[in-house]
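Thanks for asking me to look this one over. Please have the model open beside you while you read my notes.

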Amino acid sequence: METHLIPEGVSPISRPEAERRYVVLSDDSFVGQDAAHSIGDIDPGASVVFCRTLDDAVDAVAAPRPLTALFMLSPRKPLAGNPLLPLLRARDAALVVLTSNRTFEIPEGEDVVLDEMPFSAQSIRALVSKVRTGRPQG
């Protein structure tokens, strides 16, 4: 088994060489790890990376490997001006935002899949299915 050194706050959940890769961003380790493990259970052939900080998520999204989607859990700041948005557009990867904030604003022209917190295994399954079938990998 090959071991990879990873930055603090970043946890690989499954296979780093997979064709499908998901990044989960949450400052709550328990919730973020739960979502990441759910995604890994739903798509066991995929690689899932959990990040606790925006900087770590930027590095994970920018990594030169395929990216299927970024899952943002309960973001505290608005999406406008978020450095992840242009990276996701360039990678043609989906952005999934899970929030309990019913007034969460999505910047005009951004393609975002929005769903409610708290999540369930069924809601994560539906979201993974949507992002896997709804866009090319890149």
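1. First, the ground rules. This is a predicted model, in which local features need pLDDT of at least 70 and side-chain atom pairs count only at pLDDT 80 or more, while totals for chains, interfaces and linings use all residues. Residues are numbered from 1 along each chain as its sequence is written, and side-chain values use heavy atoms, with hydrogens and water left out.

2. Confidence. The average pLDDT of the protein is 85, and 84% of the residues score at least 70; pLDDT is the predictor's confidence in each residue, from 0 to 100. Strand 4 (residues 69-73) has the highest mean, 97, and strand 1 (residues 10-12) the lowest, 53. Helices (H or I, at least four residues) and strands (E, at least two) are DSSP runs, numbered from the N terminus. Please read residues 1-9 with care: their pLDDT is below 50, and beyond near neighbours in sequence the stretch has nine contacts in the model (heavy atoms within 4.5 Å).

3. How many salt bridges does a search of the whole structure find? There are five, each being a side-chain nitrogen of Lys or Arg within 4 Å of a carboxyl oxygen of Asp or Glu. One of them pairs Asp43 with Arg20, with 2.6 Å between the closest N and O atoms. Asp43 sits in the loop between helix 1 (29-42) and strand 3 (47-51), and Arg20 in the loop between strand 1 and strand 2 (21-25), so this pair ties together parts 23 residues apart in sequence. Both Asp43 and Arg20 are buried; buried means under 20% relative accessible area, exposed over 50%, and partly exposed in between (1.4 Å probe, protein chains only).

4. A link across the chain. Arg76 and Asp27 also meet in a salt bridge, at 2.5 Å from N to O. Arg76 belongs to the loop between strand 4 and helix 3 (84-91) and Asp27 to the loop between strand 2 and helix 1, which puts the two 49 residues apart. Arg76 is exposed, at 71% relative accessible area, whereas Asp27 is partly exposed, at 36%.

5. Glu116 bridges to Arg102, where the closest N and O atoms are 3.1 Å apart. Because Glu116 lies in strand 6 (residues 112-116) and Arg102 in the loop between strand 5 (94-99) and strand 6, the pair ties together parts 14 residues apart in sequence. Salt bridges that share partners also join Arg20, Asp43 and Arg132 into one network.

6. Backbone geometry. The peptide bond from Met117 to Pro118 is cis, with omega near -5°, and Pro118 is in the loop between strand 6 and helix 4 (121-134). Ser74, a residue other than glycine, has a positive phi near 50°; its place is in the loop between strand 4 and helix 3. Asp92 likewise has a positive phi near 50° and lies in the loop between helix 3 and strand 5.

7. The second largest pocket. Its volume is about 330 Å³. Of its 18 lining residues, the closest to the centre are Leu25, Leu54, Pro75, Arg76 and Lys77. On a 1 Å grid over the protein atoms alone, a pocket is an open set of points where a 1.4 Å probe fits, with protein on both sides within 12 Å along at least five of seven lines, and lining residues have an atom within 4 Å of a point.

Technical notes
Grid points are joined across faces, edges and corners, and a volume is the space filled by probe spheres set on the points.
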